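Please look over the model below before reading on. The paragraphs after it are meant to be read with the structure open.

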Amino acid sequence: MDTSFFLDRFRVTVPQLGQLVAEALSQGGDYADLYFEHTTYSDLLLKDNEVSSGGFHIDYGVGIRVLKGDRTGYAYSENTEMPDMLHAARTASQIARANTALKNCGYGKGYPAAVRPDLYPESCRWMDSRSSDSIQVLKKLEAMIYAREKRTAKVIARLSWSESEIMMYNSGGELTCDSRPMGSIVASVIFSENGKNENKTSSRSFRSGQEMITDELLMEMTEEVVSGIDERFQAIRPKGGRMPVVMGAGASGILLHEAMGHSFEADFNRKGQSVFSGMMGKRICAPGINIVDDGTLGHNRGACNLDDEGVPGQKTYMVRDGILTSYLHDRISAGWYGVPSTGNGRRESFRFNPIPRMRATYMESGAADRESLIASVKRGIYVDEFSNGQVKIGEGDFTFYVKSGFLIENGRLTAPVKDINIIGNGPQALADITGVGNDLKIDNGRWTCGKDQSVPVSCGIPTVLVRSLTVGGE
């Protein structure tokens, strides 16, 4: 990538980068890095066939981090004038200064950029798009939904995009750059029948230019948002209790992300806060189960050519054949454990320091088929859409609200269900997986993960049978 473009964008030179790093280390830090960001955002919201809100703005600045042992100093500037950046560098240096000597964890280890194609090239940049074109896309999606389902009462459609230019430099002399597009389209629909209302949402989000918007995509979203509406109006609240649960392929991956993925993030583990702390190399689920966090899926919402510490994105097996094989590392935790970073150091913007975060988290396909997994259950539930999950990282306990699913009776899907919770424990749920389908699906919805700061992610899962979970119902 042409570094001269990025140096010009942020109005700095390589010698000035070295000067900033030297100032950041002036109070005795072990390592320092700079994170420059120029992001353009646009957002349009269509309601009742009219644009109800819209916005366009630019975020610009630099974040400066200093590490001394396991102590972090962080400061940022919303401009790139040298006096202000030097002040931020001095501030970060002073914050990181410690009165006692701390271990240098080796987080400055070099990570040469991999030679490979860009994971998210654009053929039609969002910056070249017109608001009028975006409005027409939203109106077309709205019209398609109304035409497809007569019970449609209201459609709220949103199209948002961003273009980010990122430049990173560290005290090891590594200069890395990345251009990151992101486009998202969402349709939230209210359906009405005989005085009752139901709602459903469909979304798509990719690291892609405006070429992602096609008639096929709009039709796919239309079919998704109207499918299952009959069942939503007919759904019952079943009797609760402990029972087998079959999780449908795709969006059920959010349970994998929340209930298990966060517990694999290395900062929780090195601090002893995760239920998986100290379990590296141990069996945590059945042989044949592989759980992955992947930054290399082309155009995926969680993809990264580089993470936010300049480490190349990669595919990381957290669980291989049922054995815990890796946590998700940034430079700090990698240095602490004495292993290479997995490229999971991510941040919301230049205003935040990077921490271990997921990218695209999924379970690989197994050998079973969906129908046989359902047929093996005498009484249980099948769930395919979750929301409002809560997880306790230390204990692994979780609860998720189920938006749609079915009773399983004598191996068959019967009555649709709603208004239930799934309650369990992450490690126990992993241990209780007795069947993994051959139908892995990555859900390309607009997933965003919050952990003091927000980052885009994606998730996926094949159809999975869990022997026993608590279902909160009647």
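Predicted model: local features only at pLDDT ≥ 70, side-chain atom pairs only at ≥ 80, totals over all residues.

Residues are numbered from 1 along each chain as its sequence is written, and side-chain values use heavy atoms, with hydrogens and water left out.

An unreviewed UniProt entry places the feature "domain: Metalloprotease TldD/E N-terminal" at residues 32-96; such positions are given in the numbering used here, feature names are shortened, and annotations may be inferred rather than shown by experiment. The span is 23% helix and 65% strand, and its end C-alpha atoms lie 10 Å apart. Helices (H or I, at least four residues) and strands (E, at least two) are DSSP runs, numbered from the N terminus.

A pocket is an open set of points on a 1 Å grid over the protein atoms alone, where a 1.4 Å probe fits, with protein on both sides within 12 Å along at least five of seven lines, and its lining residues have an atom within 4 Å of a point. Volumes are the space filled by probe spheres set on the points, which are joined across faces, edges and corners.

The largest pocket holds about 1,100 Å³ of space and has a lining of 45 residues, with Thr201, Glu224, Ala251, Glu385 and Asp443 nearest its centre. Strand E14 (residues 379-391) contributes the most to that lining, seven residues.

For the second largest pocket, the volume is about 680 Å³, and among its 32 lining residues Tyr41, Ser162, Met182, Glu348 and Pro456 lie nearest the centre.
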